Amino acid sequence: KAGRQELLSNFRKRSDQISALLFRRDPLKLSFGTNEDEYEMVAWAIVTQLITTPTKEGVLGAVHRGFHRTFGAEKTGPISNYKVIAKEIWTIWRSSP
């Protein structure tokens, strides 16, 4: 049970790091400076996808799907908008335990 809790804690940490990155990058221009939780749902959606498909190639698709599921196709825009963010998320994913 302790191992499961540690694993869940690591995924939460990664989600928090990804959410903070998305807030800084603010790809959808949703930041008002104080709404730091704006991208939490997207971050968790990305983490859950990377748990099952943790590949460098899969990150871009996971990022785009996370935004699409949370904000819809029109607001999300094309997948190419997320290339830089996907690279940064891969760095976070690989550097976390």
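Axes here are lines fitted to C-alpha atoms, for helices over the stretch in contact, and angles run from 0 to 180 degrees between N-to-C directions. The model is predicted.

Q: At roughly what angle do the axes of α1 and α5 cross, and are the two helices roughly parallel or roughly antiparallel?
A: The axes of α1 and α5 come within 10 Å and cross at roughly 150°. Angles over 145 degrees count as roughly antiparallel. The pair α1 and α5 is therefore roughly antiparallel.

Q: Which residues of α5 make the contact with α1, and what is the hand of the crossing?
A: From α1, the contact uses Phe11, Arg14, Gln17, Ile18, Leu21, Leu22 and Arg25. On the α5 side it uses Val84, Ile85, Glu88, Ile89, Ile92 and Trp93. The crossing of α1 past α5 is right-handed.

Q: How many residues of the contact of α1 with α5 are nonpolar?
A: The contact of α1 with α5 includes 1 polar and 3 charged residues. The nonpolar residues in this contact number 9.

Q: How do the axes of α1 and α2 cross, and within what distance do they come?
A: The axes of α1 and α2 cross at roughly 130°. That makes α1 oblique to α2, and their crossing is right-handed. The distance between the axes comes within 8 Å.

Q: Which residues of α2 make the contact with α1?
A: The α1 side of this contact consists of Leu8, Phe11, Arg12, Arg14, Ser15, Ile18, Ser19 and Leu22. By class, the contact of α1 with α2 has 10 nonpolar, 2 polar and 3 charged residues. The α2 side consists of Glu40, Val42, Ala43, Trp44, Ile46, Val47 and Ile51.

Q: Which element gives the largest share of the largest nonpolar core?
A: The largest nonpolar core has 24 residues, and those with the most contacts inside it are Ile18, Leu22, Ile46, Val63, Phe67 and Ile89. Two or more residues each come from α1 (2–25), α2 (40–52), α3 (56–71) and α5 (83–95). The largest share, 6 residues, comes from α5.

Q: Which residues is phenylalanine 67 in contact with, leaving aside its neighbours within four places in sequence?
A: Phenylalanine 67 is among the residues with the most contacts inside the largest nonpolar core. Leaving aside neighbours within four places in sequence, phenylalanine 67 is in contact with Leu22, Pro27, Leu28, Tyr39, Val42, Gly72, Thr76 and Tyr82.

Q: Is aspartate 26 buried or exposed?
A: Aspartate 26 lies in the loop between α1 and α2. Its phi is positive, about 45°, although aspartate 26 is not a glycine. With a relative accessible area of 10%, below the 20% cut-off, aspartate 26 is buried.

Q: Is lysine 29 buried or exposed?
A: Lysine 29 is found in the loop between α1 and α2, and has a positive phi of about 55° although it is not a glycine. The relative accessible area of lysine 29 is 66%, and over 50% counts as exposed. Lysine 29 is therefore exposed.

Q: Which residues does glycine 61 touch, not counting those up to four places away in sequence?
A: Glycine 61 is found in helix α3 and is buried, with a relative accessible area of 15%. Glycine 61 and arginine 14 are 47 residues apart in sequence and 18 Å apart in space, C-alpha to C-alpha. Not counting residues up to four places away in sequence, glycine 61 touches Gln49 and Ile79.

Conventions:
Residues numbered from 1 in each chain as written. Predicted model: local features only at pLDDT ≥ 70, side-chain atom pairs only at ≥ 80, totals over all residues. Heavy atoms only, no water. Core = buried A, V, L, I, M, F, W, Y, C linked by side-chain atoms within 4.5 Å. Buried < 20%, exposed > 50% of the residue type's maximum accessible area, 1.4 Å probe, protein only. Helix = DSSP H or I, 4+ residues; strand = E, 2+ residues; numbered from the N terminus. Contact = heavy atoms within 4.5 Å. Parallel < 35°, antiparallel > 145°, perpendicular 65-115°, else oblique. Left-handed = near helix turned anticlockwise from the far one by under 90°. Nonpolar A, V, L, I, M, F, W, Y, C, P; charged D, E, K, R; others polar.
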